[in-house]
Amino acid sequence: MRYLPAHAQHIGARHYQQDSLGLADPEDQAFLAHGGYLAVLCDGMGGMEHGDIASQTAVRATLDAYALKPPEESIPAALERSAREANERVIEAALGLGLKEGVGTTLVAAVLHSGFLYFISVGDSAVFHVRDGVLHMVNRPHVFANLLDQAADRGQISRSEAAQHPERESLTSFIGIHQLEEIDHNLEPWPVSEGDTILLASDGMFKTLDPEEIQACLIGHPQSWPQILVERTLAQGNPGQDNVTVVSVTFDSGALGKWDPKSPPSIFHIPQQPAPADKSSSGRAW
């Protein structure tokens, strides 16, 4: 089996790109045998200063920490250790910048290994599992809406109050928080089959496109999907469009063949983006 990664990213209508992504080294066969293939996406929090530094720091820390995984450490344990290391590094970055309020970022990371998916999530970025063109969200966002809906279930507030609360989308957990308690991850392996794809996405994509629009983009070679999804997001013409980033990893035996990125099956156009700048032996980060 082989892992086919792809990614696409755009600044949207914002002044700064606060999304960052990273991919493991696909050539390290010894590590892949026990650690699998890692993809990471972080979305810096726009309500805080230096969200770009927070997301870049978290991606780099996750890649570096996970690369230290020994064969005897389980993948879920390595992912949690890496997320907590990212949290400490982001806090250190905030202190180094003299920011009393700190900096913050979401984090989602996925590992494909021996026909299984392992993921970890902090914040409200998304992990999707795509099988036979059907999209399924794997993780649960850490937003105040969860608490509001629970209060509505108990009859403490009305359904309309919960739905219309102005803080409904506020994060209840993120990388950079001083007590990281709310983490979503799977301890039991999540089965994936040949041809399945894992998508990581910042909310700039899935809060612009509804599930039906996302699923309609999942045509052609899976490595073309991130670009198609980013382009379709921009085509909505949202004047306040957030940064948008999509990462994919497809589990394939070779049946899909090679993808020609020069001719993606898309009718939209994105301006040329800068080339990746940050590379290291433990993985690649953008």
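In the predicted model, the buried residues of helix α3 pack against elements of both kinds, namely the helices α1 (29-35) and α2 (51-66) and the strands β3 (37-43), β4 (107-113), β5 (116-122) and β8 (184-185). The residues of α3 that are buried are I75, P76, A78, L79, S82, A83, A86, N87, V90, I91, A93 and A94.

At the start of α3, the backbone nitrogen of A77 is approached by a side-chain oxygen of S74 to within 3.2 Å, whereas just after the helix G98 adopts a positive phi of about 70 degrees.

With regard to the protein as a whole, 8 helices and 13 strands are assigned, and buried residues account for 50% of its 286 residues. Of the contacts between residues at least 6 apart in sequence, 74% join residues that lie at least 24 apart. The accessible surface of the protein amounts to about 13400 Å², and 53% of this surface belongs to carbon and sulfur atoms.

The confidence of the prediction is given by an average pLDDT of 88 for the protein, with 89% of the residues scoring at least 70. Over residues 263-282, however, pLDDT stays under 50, and for this segment the model has 31 contacts beyond four places in sequence.

Definitions and conventions
Residues are numbered from 1 along each chain as its sequence is written. This is a predicted model: local features need pLDDT of at least 70, side-chain atom pairs count only at pLDDT 80 or more; totals for chains, interfaces and linings use all residues. Side-chain values use heavy atoms; hydrogens and water are left out. Buried means under 20% relative accessible area, exposed over 50%, partly exposed in between (1.4 Å probe, protein chains only). Helices (H or I, at least four residues) and strands (E, at least two) are DSSP runs, numbered from the N terminus. Contact means heavy atoms within 4.5 Å. A polar contact is a pair of N or O atoms within 3.5 Å; within protein, one must be able to donate a hydrogen and the other to accept it, and residues adjacent in sequence count only if both atoms are side-chain atoms. pLDDT is the predictor's confidence in each residue, from 0 to 100. Accessible areas come from the Shrake-Rupley method with a 1.4 Å probe; for residues, only the protein chains shown count as cover.
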